[in-house]
Amino acid sequence: MKTNKALLSVVTIVMLSGVLVFGTSGDNKEKRIHEGTAMYFPEEVDFAGEKAPLQITDVRERLDRELLINANLDATTALIIKRANRAFPIIEPILDKYGVPDDFKYLAVIESGLVNAVSSAGARGVWQFMPETAKEKGMEVNDIVDERYHLEKSTEAACRYLLSAKDKFGSWTLAAASYNGGMNGITKKIDEQKVSNYYDLALTEETSRYVFRILALKEIMKQPAKYGFSIFSSDLYAPIPTKKIEVDSTITDLTSFAMSQGINYKILKIHNPWLRDKKLVNPNKKRYEIEIPLAGY
């Protein structure tokens, strides 16, 4: 009789253990099933160390939307991941130099896809500056030279803007949102709604999605395999070594200049897209640095 009771106790413990195991591991099992697909969802996310409150229903669903969209844009997102291997080594040290969090490189991603894009409103370059804002931040913008297309100088200008926005709002997340909605636009919404957290504000459709798009691309680009992207290091676009030549005079013919450097006009323009004409007019003897590739052509 005692043996039967002991056996019954053992069976009961085993059964209860099974219930507890399956009861507590369902979420993890589901997450393992989704891992490697566009349905994967992270347990937590943050922007520049500022955690997104995923316990709020609309916040979670807004992030889910952007993750699903970008994880399913197979070709577009794969190209961005490939380009980042070349662009991020230029952007990252500049962010670090200015004390701007590394996560802001993903802001450049959603602005332009890391190419020198042109918007219908007239914004240009990787960081999508409008002409007047670019000039305010110290960039030269004209028909001969447009430094919005200069990755280093436009990144520095973006840093100057973001530092001002951080000083104003006290939050990197709001600084990022203001890059889309404008400092005055964000300030107006804060004053109207009496809240000062991005995730609590009712904003325009574009600005409401803006930070979530950054978060989504950050998550996918940091862990592409979790979202179904099989990209090997050999697939990434490798950085191209260059040398810089300083010029402080007019170059009347950039084609001839390129040939004197052992390259052609096309290669010169690929590496110096800020040169907007077939010549470089420089009556004031301003110093420019022209990049000449040492490989890859």
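Start by selecting Lys244: its bridge partner in β4 is Glu291. Helices and strands here are DSSP runs (helices H or I, at least four residues; strands E, at least two), numbered from the N terminus. This is a predicted model, in which local features need pLDDT of at least 70 and side-chain atom pairs count only at pLDDT 80 or more, while totals for chains, interfaces and linings use all residues. Residues are numbered from 1 along each chain as its sequence is written, and side-chain values use heavy atoms, with hydrogens and water left out.

Next, show strand β3 (residues 242–247) together with β4. The two run antiparallel and are joined by six bridges; strands count as paired if DSSP finds at least two bridges between them. Select β4 (residues 288–293): five of its six residues are buried. Buried means under 20% relative accessible area, exposed over 50%, and partly exposed in between (1.4 Å probe, protein chains only).

Colour the chain by pLDDT, the predictor's confidence in each residue, from 0 to 100. The mean for the protein chain is 92, and 89% of its residues reach 70 or more. Over residues 6–24 the pLDDT is below 50, and this stretch has zero contacts in the model beyond near neighbours in sequence. Contact means heavy atoms within 4.5 Å. Where pLDDT is low, the predicted coordinates should not be read in detail.

Now go to helix α3 (residues 74–98). How far apart are its end C-alpha atoms? They are 33 Å apart, which agrees with the 36 Å that its 25 residues should span at 1.5 Å a residue; the expected span is 1.5 Å times one less than the number of residues. Select Ala87, where α3 bends by about 50°, with Pro89 following within four residues. The bend is the angle between axes fitted to the seven residues ending at a residue and the seven starting there. Buried residues of α3 include Thr77, Ala84, Ala87 and Phe88. Among the elements covering the buried residues of α3 are α2 (57–72) and α9. Just after α3, Gly99 takes a positive phi of about 75°.

Move to Asn70, in helix α2. Is Asn70 buried or exposed? Asn70 counts as buried because its relative accessibility is 11%. Leaving out residues up to four places away in sequence, Asn70 touches Thr77, Ala216, Leu217, Ile220 and Phe229. Asn70 and Ala216 are 146 residues apart in sequence, yet 7.3 Å apart in space, C-alpha to C-alpha.

Finish at Lys194, in the loop between α8 (183–193) and α9 (205–222). Lys194 has a positive phi of about 60° although it is not a glycine, and it is exposed, with a relative accessible area of 70%.
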